[in-house]
2 protein chains.
Amino acid sequence: MSHYTRDFEGILRAAGYRVTPQRIQILDALCDEGGHTSLAAIYLRLQRIDPTIDKSTVYRALKLFVTLGLVVSADNGDGEVYYEIARVQPHHHLVCRQCGQQQEIDHDAIQLMAEAIYQQYGFQVNTDHLMLNGICAGCRLPHQ
Amino acid sequence: MSHYTRDFEGILRAAGYRVTPQRIQILDALCDEGGHTSLAAIYLRLQRIDPTIDKSTVYRALKLFVTLGLVVSADNGDGEVYYEIARVQPHHHLVCRQCGQQQEIDHDAIQLMAEAIYQQYGFQVNTDHLMLNGICAGCRLPHQ
DNA sequence: GTGATTGTTGCAAAAATTGGCAATAAGAGG
DNA sequence: CCTCTTATTGCCAATTTTTGCAACAATCAC
C-alpha cells in the first residue's frame, strides 16, 4: 500500500504492535476518505469490504492509532468525533460557529504560541492538530 | 447561592431557559468540586443529595451549560471528559504526557496566537479553554 | 517450513450516552 | 393566588462505546 504518507507498518512494529489486515484496512479507509472521517463512516466502508470486521475492532484500532500519533482526532462540535491521517507537517482547523465552515491553517501561528509557552513555562507543547472555534470573516462582517 | 462567580440564573433566564432545582444542584456540585470534575463524579455527588435525579438530566444540563458558555469541558486524554465552571478570564491547561501533571496558564500566550490568526485569516478565534499536551520541564530535563 | 509465544480479533455482555414521551413544574399574565 | 403555556424532568428504550474472554493468527526462533 504505497499511498501512505508514512511507514505505518514500521511504526506499528517498532512500537511492539502487530500489523493485521484489519488495521491495514482501517488505515486504508482513513486514507481514501481523504479529509475528516467519522468512525461510523469508516465502519460502514469496511463492512462493504469485509463484513466480519467487528465494530469494537475499529474502536480499538482508532484509539491505538491516535495514541501512536498516526491518526489525529478532533471533536467538530457537532458531537461526532472525526479522525484523520496525521500529516508530517501538522495543520489545524478554524471552525466557524455561525456557518460551520472549516478553514485549514498551517502551523505558523500555532508555532508562535508554542514557543511563547516554552519560553514562559518551560513546557514543550505538542500541538498535533487543533480545532479552534470562532467566527469567520464572512460571518463577522455584515454582508454588503 | 452566593458562591457563583457569575449570575447563572440570570443568564439561564435571559436565554429563555428555566432555573430548576436540578440545574442549580448540578452547578453547585461543579462549584464545590473546585477544579475539573467528571460527569461520573457529579452524578455520584448528586445521588447523595437527591437520589431521584436522573443521569440523563445531568447529561442534558451539562450539555446546555457548555453551549451557554457557563461551563467548560475538556478531554484530558485519558478518555474521560472533564467539566469546570467557566471563569470570566479564560485560562488553559498544559498536560504533561509523561507524568500527567497539569499546569494552569493564563490567557496571554493564547491571546497572541488568536491575534495572529485574526491578522492572517480574519478569523476571530474563541478560545475558551484549551487543553494542550506536551512534556513539562521536569520530565524533559534528565533529573540530576 | 514448524512450533511456540503472545498480541488481536470477534463475539457477547456490560456500561455509557442519547432520545422519545407523558407527567410535572417554572415562569408569565392576569 | 390561580391559570395557562411550555420547558424540563424522570422513566424507559434505543443507541453507542467499552470490556472480558476464548479462539485465532502475526511474529519470532529454530
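**From the DNA to the fold of chain A**

Around DNA strand C there are 22 residues, and those that come nearest are Y17(A), Q22(A), T57(A), V19(B) and S56(B). This is a predicted model.

Which helices supply the surface near DNA strand C? At least two residues each come from α2 (21–33) and α4 (55–68) of chain A and from α4 (55–68) of chain B. The largest share belongs to α4(A), with four residues. Sorted by class, the surface near DNA strand C has seven nonpolar, eight polar and seven charged residues.

Now turn to the other strand. DNA strand D is surrounded by 22 residues, and the closest are V19(A), S56(A), Y17(B), Q22(B) and T57(B). Here α4 of chain A, α2 (21–32) of chain B and α4 of chain B each supply at least two residues of the surface. The element that gives the most to the surface near DNA strand D is α4(B), with four residues. The classes on this surface are seven nonpolar, eight polar and seven charged residues.

Read from the N terminus, the elements follow the order α-α-β-α-α-β-β-β-β-α-β-β-α. Chain A has 144 residues, of which 22% count as buried. Among the contacts in chain A with a separation of 6 or more, 53% are between residues 24 or more positions apart.

Two helices already named at DNA strand C, α2(A) and α4(A), also pack against each other. Their axes lie 10 Å apart, and the angle between the helices is about 70°. The range from 65 to 115 degrees counts as roughly perpendicular, and α2(A) and α4(A) are therefore roughly perpendicular to each other. On the side of α2(A), the contact is made by Q22(A), R23(A) and I26(A), while α4(A) brings T57(A), V58(A) and A61(A). By class, this contact has three nonpolar, two polar and one charged residues. Two of the residues in the contact, Q22(A) and T57(A), are also among those that come nearest to DNA strand C.

The next part of chain A to find is a sheet. Three strands form an open sheet in the order β1-β3-β2, with antiparallel pairing. The edge strands are β1 and β2 of chain A, each of which pairs on one side only. Against this sheet packs α2(A), which touches β1, β2 and β3 of chain A. The direction of α2(A) makes about 90° with that of β3(A).

How many bridges hold each pair of strands? Strand β1 (residues 37–38) and strand β3 (residues 81–85) of chain A pair in the antiparallel sense over two bridges. In this pair, T37(A) stands opposite Y83(A) of β3(A), and S38(A) stands opposite Y82(A) of β3(A). Strand β2 (residues 71–75) of chain A is joined to β3(A) by five bridges, and these two strands run antiparallel.

Definitions and conventions:
Residues numbered from 1 in each chain as written. Chains lettered and ligands numbered in written order. Predicted model: local features only at pLDDT ≥ 70, side-chain atom pairs only at ≥ 80, totals over all residues. Near = placed C-beta within 6 Å. Nonpolar A, V, L, I, M, F, W, Y, C, P; charged D, E, K, R; others polar. Buried ≥ 20, exposed ≤ 12 C-beta atoms within 10 Å, placed from the backbone. Contact = placed C-beta atoms within 7 Å. Axes fitted to C-alpha atoms, helices over the stretch in contact; angles between N-to-C directions. Parallel < 35°, antiparallel > 145°, perpendicular 65-115°, else oblique. Pairing = 2+ DSSP bridges.
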